[in-house]
Amino acid sequence: MTRRGRVLLLFSLALAAGCLGPRPSASLPQASACVPAAAWVDPATRARLAEPAVLDRAAAARVVLLGERHDSAEDHRWQLQTLAALFGRRPALVVGFEMLPRRAQPALDRWTRDELSVADFLEQSHWSEVWGLSPELYLPLFHFVRMNRLPARALNVDHDLVDRVGREGWDALAPLAREGLSDPAPASPAYAAWLARVYAAHGAHGRAAPNADDPALRRFVEAQLVWDRAFAEGLAAAALEHPAALVVGIVGSGHLEHGFGVAHQLASLGQRSVVTLVPWDAGRDCAELVPDLADAVFGVAPPPGDGGAS
């Protein structure tokens with residue numbers, strides 16, 4: 001596979017990780033039969049949950065993971081609403097962002113201290129280079145941490161590192177080239193199978209069942225684990241640095257659902273007090289609402305004409 005092919009494959013994986021779920025359309029209902037709009041639901045029982053109970057449980061954890069489809073404005077509105085509710089219960093709060101790599105931490109620190117304008121923050125964090133989606137989707141979250149002078153953490157690594165892992169494999173990288181990451185915990189069999197399906201669909205010429213021993217597939221899985229490990233290490237470090245605080249991760253749902261990604265890596269780091277909350281798109285197939293999807297889901301239905309990123 002060419003370098004361009006590898007980059008496109010990793011990009012496809014990023015889309016799968018952060019943009020799960022179909023967009024609502026005129027042919028789809030504006031409320032899911034299994035998860036009504038504006039309702040919390042337990043995936044294990046499909047019963048509706050009282051919002052205070054969901055948020056009280058989350059606020060009692062050490063780490064809360066809030067999922068998203070990256071280009072969904074409604075998902076980010078839900079994240080902001082949930083973040084504010086958690087802040088009301090645990091004012092000692094740290095927020096970690098998938099959108100920014102570790103090298104953007106100085107800019108994020110200056111932003112939270114109210115030392116940068118929006119334009120300067122976007123420039124110094126290299127937003128258009130490292131993320132690329134409209135900053136308007138995320139600025140309300142960044143304004144929230146700045147307004148309340150909350151510690152914030154850049155969770156990601158540079159895309160070049162992920163690309164190198166996809167090209168050469170994790171073991172081929174010298175320790176100094178790993179941006180301080182420790183070895184990721186191996187993927188669970190279910191996660192490996194899901195990643196194999198993504199690989200087949202996006203990067204392996206349509207093969208339905210790639211060979212598990214395929215070196216390219218193995219490197220592909222390792223690349224995803226690098227992302228998961230980076231997010232988990234950043235959140236775990238924040239929990240150690242702020243032992244009295246609730247640590248909240250703003251991360252694509254594909255890294256969170258079924259406990260495959262970040263929660264799995266957090267557990268390997270000794271952090272098991274984790275609650276995962278994800279938005280449920282109005283057009284999503286109810287067959288995907290399975291018991292291990294998350295601790296709770298919240299039904300979101302974007303208003304007509306709300307296309308997310310601009």
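The structure, a predicted model, holds 12 aromatic pairs, where rings of Phe, Tyr and Trp (its six-membered ring) pair if their centres lie within 6.5 Å, with planes under 30 degrees apart counted as stacked, over 60 as edge-to-face and the rest as tilted. One of these pairs joins Trp 131 and Tyr 138 in an edge-to-face arrangement, with 6.2 Å from centre to centre and 85° between the planes. Trp 131 is buried at 17% relative accessibility, and Tyr 138 is likewise buried, at 0%; buried denotes under 20% relative accessible area, exposed over 50% and partly exposed in between (1.4 Å probe, protein chains only). Ring pairs link Trp 131 and Tyr 138 with Phe 97, Trp 111, Phe 121, Trp 127 and Phe 142 in a cluster.

Residues are numbered from 1 along each chain as its sequence is written. Because the model is predicted, local features need pLDDT of at least 70 and side-chain atom pairs count only at pLDDT 80 or more, whereas totals for chains, interfaces and linings use all residues; side-chain values use heavy atoms, with hydrogens and water left out.

Two arginines are placed over tryptophan rings, a charge being counted over a ring if NZ of Lys or CZ of Arg is within 6 Å of the ring centre and within 35 degrees of the ring normal. Arg 146 lies over the face of Trp 111, at 5.8 Å from the ring centre. Arg 178 lies over the face of Trp 170, at 4.3 Å from the ring centre.

Helix H7 (residues 139-147) was examined together with helix H3 (residues 73-89); helices (H or I, at least four residues) and strands (E, at least two) are DSSP runs, numbered from the N terminus. The axes of H3 and H7 come within 9 Å and cross at roughly 20°, axes being lines fitted to C-alpha atoms, for helices over the stretch in contact, with angles from 0 to 180 degrees between N-to-C directions. The two helices, H3 and H7, are therefore roughly parallel, given that angles under 35 degrees count as roughly parallel, over 145 as roughly antiparallel, 65 to 115 as roughly perpendicular and the rest as oblique. On the H3 side, the contact is made by His 76, Gln 79, Leu 80, Leu 83, Ala 84 and Phe 87, and on the H7 side by Pro 140, Leu 141 and Phe 144; contact means heavy atoms within 4.5 Å.

H7 also meets helix H4 (105-112). The axes of H4 and H7 come within 8 Å and cross at roughly 60°, and the two are therefore oblique to each other. Here Leu 108, Trp 111 and Thr 112 of H4 meet Phe 142, His 143, Val 145 and Arg 146 of H7. The buried residues of H7 are Leu 139, Leu 141, Phe 142, Phe 144, Val 145 and Arg 146. Among the elements against which these residues pack are strand E4 (93-101), helix H5 (118-124) and strand E6 (246-250).

Most residues other than glycine have a negative phi. Arg 149, in the loop between H7 and strand E5 (152-156), has a positive phi near 50° and is partly exposed at 44% relative accessibility. In the loop between E6 and helix H11 (262-268) lies His 258, with a positive phi near 65° and a relative accessible area of 27%, partly exposed.

Arg 164 lies in helix H8 (residues 159-168) and is partly exposed at 29% relative accessibility. Leaving aside neighbours within four places in sequence, Arg 164 is in contact with Gly 169, Leu 173 and Ala 177. Arg 164 and Arg 178 are 14 residues apart in sequence and 9.9 Å apart in space, C-alpha to C-alpha.
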